[in-house]
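Here are my notes on this one, as numbered points. Have the coordinates open while you read.

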Amino acid sequence: MRIFQKTNFNFIGFRKIAYAFSLILLASGLISLVVKGLNYGIDFRGGSEVLIRFEKNIDVSEVRSVLDEAGISGSLKQYGLDRSFLLSSVFSGETNELKSLVSNAFDARLKSNPHEIVRIDAVGPSIASDLKWSAMKALIASLLAILLYVGIRFEIKFATAGVIAIFHDILSVLGLFSILGGLFDFMPLEMDQSIIAAFLTIAGYSITDTVVVYDRIRERIRGQKPADYERIFNESMNQTLSRTIITSGTVLLSVFVLFIFAGPAIRGFAFAVFCGILIGTYSSIFVAAPLVFDWLRLSKSAVHLRGSKAS
Amino acid sequence: MKNKRFNLLLIALVTVVALWSLWPTWHDYSLTRELNGARSAQDSLNYAMSHRQEIESARQKSLKLGLDLRGGMHLVMEVDQIDLFEQKAWNKDAKFTAIMNSVRSKAAKSDARVLDLIVAEFKTENIRLSRYFYDIRNSDREIIAKLEKESDDALSRAKEIIRNRIDQYGVAEPVITTQGSRKIIIELPGVSDQNRVRNLLKGTAKLEFRLLRDPEVLVRTLDRINTYLVQNGTSPAPAEQDSSSLAPVEAAQPVSAAPAAPAPVPSGSVAPSTSAALPLNPAAPKSAKPLYDLIGVSENGTAFTAERSKEYVSILLKRSDIQALLPPDAELLLAAKPDVTPEGEKLYSVYLVKKSSELTGGVITEAKATFGSEGVQPEVTMSMNSEGTSKWARITGANIGKRIAIVLDGAVYSAPVVQAKIPGGNSVINGIESLEEAKDLEIVLKAGALPAPVRIIEERTVGPSLGADYIRAGMLSLSWSFLAVSIFMLVYYKKAGIAADLALVLNILIVLSVLAGFSASLSLPGIAGIVLTIGMAVDANVLIYERIREEIDAGKGLISSMELGYDRAFSSILDSHVTTMVAAFLLYTYGIGPIQGFALTLMIGTAASLFTSIVVTKEIFAFLLGRKLMSEKSFG
């Protein structure tokens, strides 16, 4: 079976539209980050969370009113879609007190609908800032490492454009998290450790498609005149289009399965990786390669390729 | 295709090792099924008895499930370094206390190392560390080095003691590690009584034997505090309840039963009237006897406070202006357990004890929870080492007729009157509510005292039902993603897809076997990592196959197309795998807890796919080519 056979898209011709699209995507994300900010999960915010599951269907407002009556403050949200609710409140070292308060409140007021406390998390403020700091370290270190690796493997213009594409992908997903955060009951899209893991996965994977396109361009551009670059870029991207789409496609398939089956704890992560890979595939075709093309065009110089053999 | 024999051997070896490492997991699984499938409990017990060794060894070597899948408790505890350094200091004065208080408030707000904060604080005050720490001749640097070692020692000692406590409590496969300079991470799978474990871990278990001051001194001291409170007009009524979150529900309970022993105080000076002695209403407006609204004094000169004012009294007693009113070398402590009056009121005794202890828990060699002489009251009997025994004999001999308080973590368990000299080094803690509590006391006393108090700063509890849900979700995701991806490969690449799918199976086996072999555990994020690996591992095959198709389309022969395909796709495959592995590795290095599980499986899976997707598929093709089972059409 073949899906993309002998395509002939003028990707380079589309690049201005693509740049505009990317800029709008990034700008709206940034604006939302500034105006609305991000929803921080318990990992980074600190606090206590109690996950309560009821045996029968119950409305969130009913659960809330029981908690209000019992004098338990904190925010209550539907968690996933299966009669589960997440109560978040301030951190206290005594989760037991919180547990028995909640438990007693429901036992007394909702006798007909038994509940179970399936999870309690309490993260102190010092741990939260530790987690935040180590997440930042991991993110910065991996971006640096990838920059270094790509810089060694590719010429500076290719490497730079590739890393810009990575930033493009991560910032877009971050922006999406801010824009869509809290809009859906089935995925709260909170920033926590797992989202950092998603960013690192995106960063590591985003370069895959870019590398495939780059390798092909490198292979074909050797000894060619700058006037032919546009044709070569377009042809290279068309030739590799099939594998770019299919490599991303298999990963998207897996991540989609995660999103559907792995439950609410993984859903934010799966969403982030899904968007990241989608945007990463787009950016390897419409951002990374066109940036190299424009750079070469503006600098009016032929590419100086490293001595590596065409691969 | 060179090195054919070597590659085949390697593949066979990897497969065998992977299967061998996963064998106990399979064995454990089938044994467990056998056990659960038994017709009766007796059958199942018999089976377990006859196959005990087999079951145990399989379980030990099998793939461990993470805390989130099994249910259990994850705790991060912090050693209170400030307290530790305070213990190490000499001739502490008001200045020192002020400095430490300032450090305490700063440490609460920042991540900086406590020692750095202390050093900085001493610098700004322009005091040398040697004024309080170690020898006066030591330079600051020497002292910092010593304190650093002290805090490292304290951390590892605390870890050992916590491990002892957990081992004696009995948790299967606890994982206890230290992180940084003051954190201990504790993972307890399958713990059901979380509260008990929490209490077991939290207490410092600092046991002290302290002499009680005479009742007259207690009464005079209380009078003094009362007068002070009257003069300063500070009503001891508690401030508004912490409005933070969970306001206790029964804050405004009406005053209940009458006090048990509201008799006038023998010394007569501030005889509280019957009504004022115990209503103890903390919210009462300014009163002439602010303290006696909270604390009652009985005929024989013992003082007590009701359960509802206990919290407030203990805060009041910690106030520095109140402590200044106490006689030198004395401290007011509350009882650990209440005495229940016939009317059902719970009263906590208030003791005035000497600040310095006569003997500490360090001399205890053996502790045992038993029932007392009447056979109903649980107690813990303790025996001491020879040094403790002789000291204990001297102390008891010198204080016959006086009371000695047995203090654990700042709360008085009992304060018996010394009847006679105790030569055998025995002592008893009573006033314990349940046998369970006595057992826990036994555990903490045997394990020894923590070098400094510890605090729980992170706690995550997963109930077993949620764990079961996670396992189901993880298994569903794994099987669906494997099905979806492998069927896609078959449909899209036909015969070549078979090779990719076989390689994928081997890849998953390798990931699981590495986890099992290194006793790493599989968590839900770990499963997510494997699912992601499934999608990424076939990428290498996609790149190779697409290249082969291209070469075939360009008119090259099958064999040379395949050679070229593997050869030319390799660079892209390597680049993409390396970047993914770098990201996963850094995530593993800097990540904490569950994220590490994800990073680990992703890292193993990506590395393994370099082998499976390239070497393994190549050998499969070589085999098929040899049997003339491949054609140009085999790549779809």
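1. Start at the chain–chain strand contact: D121(A) has R460(B) of β17(B) as its bridge partner. The two strands involved, β4(A) and β17(B) (residues 454–462), pair in the antiparallel sense over 5 bridges. Strands here are DSSP E runs of at least two residues, helices are H or I runs of at least four, and both are numbered from the N terminus; two strands pair if DSSP finds at least two bridges between them.

2. Before going on, some housekeeping. This is a predicted model, with local features needing pLDDT of at least 70 and side-chain atom pairs counting only at pLDDT 80 or more, while totals for chains, interfaces and linings use all residues. Residues are numbered from 1 along each chain as its sequence is written, and chains are lettered from A and ligands numbered from 1 in the order in which they are written.

3. β17(B) also pairs with β2(B) (residues 72–79), antiparallel again, over 8 bridges. Within that pairing, V76(B) is bridged to E458(B).

4. Zoom out and you get an open, antiparallel sheet of 8 strands, running β2(A)-β3(A)-β1(A)-β4(A)-β17(B)-β2(B)-β4(B)-β3(B). Its edge strands, each pairing on one side only, are β2 (75–79) of chain A and β3 (175–179) of chain B.

5. What about the rest of the interface? Contacts (C-beta atoms, placed from the backbone, within 7 Å) link 68 residues of chain A with 67 of chain B. On the chain A side, α5(A) supplies the largest share, 14 residues. That side splits into 36 nonpolar, 23 polar and 9 charged residues, where Ala, Val, Leu, Ile, Met, Phe, Trp, Tyr, Cys and Pro count as nonpolar, Asp, Glu, Lys and Arg as charged, and the others, Gly among them, as polar.

6. Beyond four places in sequence, A528(B) contacts L258(A), A262(A), I266(A), F269(A) and F598(B).

7. One backbone check: D329(B), in the loop between α13 and β8 of chain B, has a positive phi near 55° without being glycine. D329(B) is exposed, with 11 other C-beta atoms within 10 Å; the cut-offs are 12 or fewer for exposed, 20 or more for buried, and partly exposed in between, with C-beta atoms placed from the backbone.

Conventions:
Two residues are in contact if their C-beta atoms, placed from the backbone, lie within 7 Å.
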